[in-house]
Amino acid sequence: MNNKLKLKPRLLVVSGPSGVGKGTLLKRVFSQSGLPLRMSVSATTRKPRPNEKNGEHYHFITDEQFQIKKNAGEFLECFEVFGKGVWYGTLRADVEAGLAEGYFVVLEIDVKGANEIKKQFPDAITIFVKPPDTKTLKERLQGRGTETEEAMQNRLKTAIEELNHAAEFQYCIINDEIDRAAEQFIDIIKKNM
Ligand code: 5GP
């Protein structure tokens, strides 16, 4: 057995529909908690947004590079999140290194990916982030203005589907107010340390 995996896996899986504000919430949790947290940086075939840096937000790679990694077993899980076309995947080496160094490794992934991780790491802590209501979610997605209309509609459709899976997660946080939501998030981690 791989030595690294003898450590108690401390994986934290965070899911929730696109536009719910997971990124902002996690940023707040990372800066306020003072806990040993490390974000897993996924690989994706999506094109970077203007503010996104390669290796920081994602490893932005081509379809061909992604398939090579997939075939080589480099992903703990990977899915085409919004129907066909764009791949996202959690890099095994990244996660194992973080765990071996004693971090809580945070995966911000979709519901399908979360289910796959739960099979491999039954001790993973799972959190679902919900919008206060679907109207707010729609407004946030539209307000972001980074997607084409078609991509936006795809995200909205996937978002509504994802909301039906909230009950499969151990914890549910409603992202109605960032300070309150971050506090709840930090409490959950502390309870599981
Ligand atoms: P975005 O394109 O807005 O950065 O991300 C879209 C969605 O992809 C997010 O809601 C996130 O949960 C999901 N995602 C990001 N990385 C991964 C990954 O490595 N695996 C899976 N399954 N989903 C991911």
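Let's start at the ligand: one of its nitrogen atoms sits 2.7 Å from an N or O atom in the side chain of Glu-77. I call that a polar contact, meaning a pair of N or O atoms within 3.5 Å; within protein, one must be able to donate a hydrogen and the other to accept it, and residues adjacent in sequence count only if both atoms are side-chain atoms. Backbone atoms take part too: a polar one of Gly-89 is 3.2 Å from a ligand oxygen, and an N or O of the Ile-109 backbone lies 3.3 Å from an oxygen of the ligand. On its own the ligand exposes 510 Å², and the protein buries 95% of that. Those areas use the Shrake-Rupley method with a 1.4 Å probe; for residues, only the protein chains shown count as cover.

A word on the source: this is a predicted model, where local features need pLDDT of at least 70 and side-chain atom pairs count only at pLDDT 80 or more, while totals for chains, interfaces and linings use all residues. Residues are numbered from 1 along each chain as its sequence is written, and side-chain values use heavy atoms, with hydrogens and water left out.

Now, a residue I like: Asn-175. Where is it? In the loop between strand E9 (171-174) and helix H7 (178-191). Helices (H or I, at least four residues) and strands (E, at least two) are DSSP runs, numbered from the N terminus. Asn-175 is buried, with a relative accessible area of 5%; buried means under 20%, exposed over 50%, partly exposed in between, with a 1.4 Å probe and protein chains only. Its side chain reaches the backbone oxygen of Val-20 at 2.9 Å. Leaving aside residues up to four places away in sequence, Asn-175 touches several others, including Gly-21, Lys-130 and Arg-140; contact here is heavy atoms within 4.5 Å.

On to helix H6, residues 149-163. Its 15 residues should span 21 Å at 1.5 Å a residue, and the end C-alpha atoms are 21 Å apart, so the two agree. The expected span is 1.5 Å times one less than the number of residues. Which residues of H6 are buried? Met-152, Arg-155, Leu-156, Thr-158, Ala-159, Glu-162 and Leu-163. Their cover includes strands E6 (87-91) and E8 (125-130), along with helices H4 (111-120) and H5 (134-144).

Finally, the whole protein. There are seven helices and nine strands, and 44% of the 193 residues count as buried. Among contacts between residues at least 6 apart in sequence, 67% join residues at least 24 apart. Along its principal axes, the C-alpha trace spans about 45 × 40 × 30 Å.
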